[in-house]
Amino acid sequence: MAYFPMFVQLKKKKCLVIGGGKIALRKIEVLKDFEADITVIAPEMITQIRQIDQICRIFRTFMEKDFNEADFVIAATDDQKINHEISQICRRKKIPVNAVDQKEDCSFIFPSYVKEGEVVAAFSSGGQSPLITQYLKEKIKPDLNKELGQLAQILGSLRKIAKSCIATEQERKAFYKELLQIGLEDIDSLEEQRINEIIQKYISE
Ligand SMILES: C[C@@]1(CC(=O)O)c2cc3[nH]c(cc4nc(cc5[nH]c(cc(n2)[C@H]1CCC(=O)O)[C@@](C)(CC(=O)O)[C@@H]5CCC(=O)O)C(CC(=O)O)=C4CCC(=O)O)c(CCC(=O)O)c3CC(=O)O
Ligand SMILES: NC(=O)C1=CN([C@@H]2O[C@H](COP(=O)(O)OP(=O)(O)OC[C@H]3O[C@@H](n4cnc5c(N)ncnc54)[C@H](O)[C@@H]3O)[C@@H](O)[C@H]2O)C=CC1
């Protein structure tokens, strides 16, 4: 079964990570990248987790009351029975859950992704082969580069003005297409004056 790639806002969402090993660390790094509010619970945590800034650490095994505030949960212990139990609790409480050792215990899974600014490409193999997922990430990296992230930011910053100044959706699309074409060739040529000239063209046409 293929998974639907739902893009979700994680900023400030309360994320509970249970487990403090290498895999928990990898998940925490991803969640930090998307600005989640992270609490880790484990009796022992590897040094790298103990050194991460601005996360909450609780050194013990989990209890059911830990789930009360959670928007979502990562079960990342090295014990399949415990991860399964965490998943069951979450399902009962209708909290989205990821279990690192068993996709049947996941209501969502982690992709491999590339992120530049707000542009994100994410891949999944439905849990069949994380290595294929990783391979796809590496393939997209040369195309999803810094310039593309910057270009998205420029196009994004023009959406309000385009909506208010350019009459039809069709013309707006042509406007964005022209900017995209120019930006893909040479992002530095998209400075303010050039953009203004292009906007003018679409207003008067
Ligand atoms: C279902 C899923 C649930 C989830 O974790 O969300 C899951 C499950 C499992 N992974 C396992 C193994 C490995 N996982 C990786 C790597 C990654 N795994 C990630 C996601 C996912 N892994 C979800 C599905 C993603 C998809 O749809 O493809 C990535 C993409 C994202 C991330 O972790 O953030 C990240 C790459 C990050 C990057 O580089 O971008 C490697 C490679 C490596 O370590 O270098 C290996 C060893 C090679 C191998 O086994 O293939 C095992 C067996 C453990 C065992 O055998 O004991 C299970 C459990 C099982 O298969 O039952
Ligand atoms: N999803 C993925 O991408 C991958 C998943 N895995 C799976 O991830 C699992 C975890 O791997 P590692 O992080 O390397 O293990 P690890 O042994 O480094 O860490 C396990 C952690 O779980 C904690 N823990 C154990 N019982 C707990 C409890 N009751 N409450 C809270 N914390 C508890 C331990 O204190 C420790 O911090 C493995 O069993 C493996 O099956 C492995 C590779 C990739």
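Biologist: Which conventions apply to the numbering and the values?

Modeller: Residues are numbered from 1 along each chain as its sequence is written, while chains are lettered from A and ligands numbered from 1 in the order in which they are written. The model is predicted, with local features needing pLDDT of at least 70, side-chain atom pairs counting only at pLDDT 80 or more, and totals for chains, interfaces and linings using all residues; side-chain values use heavy atoms, without hydrogens and water.

Biologist: Which residues are closest to ligand 1?

Modeller: A residue is near a molecule if one of its heavy atoms lies within 4 Å of it. Ligand 1 is surrounded by 19 residues, the closest being Lys 27, Asn 98, Ser 112, Ser 125 and Thr 133. By class, this shell has seven nonpolar, eight polar and four charged residues.

Biologist: Which element gives the most to that shell?

Modeller: Helices here are DSSP runs (H or I, at least four residues), and strands are E runs of at least two, numbered from the N terminus. Helix α4 gives the most to the shell around ligand 1, namely five residues.

Biologist: How many residues lie around ligand 2?

Modeller: There are 18, and Gly 20, Ile 23, Arg 26, Glu 44 and Val 100 come nearest. The largest share of this shell, three residues, comes from α1. An oxygen atom of ligand 2 is 3.1 Å from a side-chain N or O atom of Lys 22, and one is 3.3 Å from a side-chain N or O atom of Asp 78. The protein covers 70% of the 880 Å² of accessible area that ligand 2 has on its own.

Biologist: How many aromatic pairs are counted?

Modeller: Rings of Phe, Tyr and Trp (its six-membered ring) pair if their centres lie within 6.5 Å; planes under 30 degrees apart count as stacked, over 60 as edge-to-face and the rest as tilted. The count comes to six aromatic pairs. Phe 72 and Phe 108 form an edge-to-face pair, 6.0 Å centre to centre with 75° between the planes. Phe 72 lies in strand β4 (residues 72–75) and Phe 108 in the loop between β5 (97–99) and β6 (112–116), so the pair ties together parts that are 36 residues apart in sequence.

Terms used:
Nonpolar A, V, L, I, M, F, W, Y, C, P; charged D, E, K, R; others polar. Polar contact = N/O pair within 3.5 Å; in protein donor to acceptor, adjacent residues only side chain to side chain. Areas by Shrake-Rupley, 256 points an atom, 1.4 Å probe, with all protein chains shown as cover.
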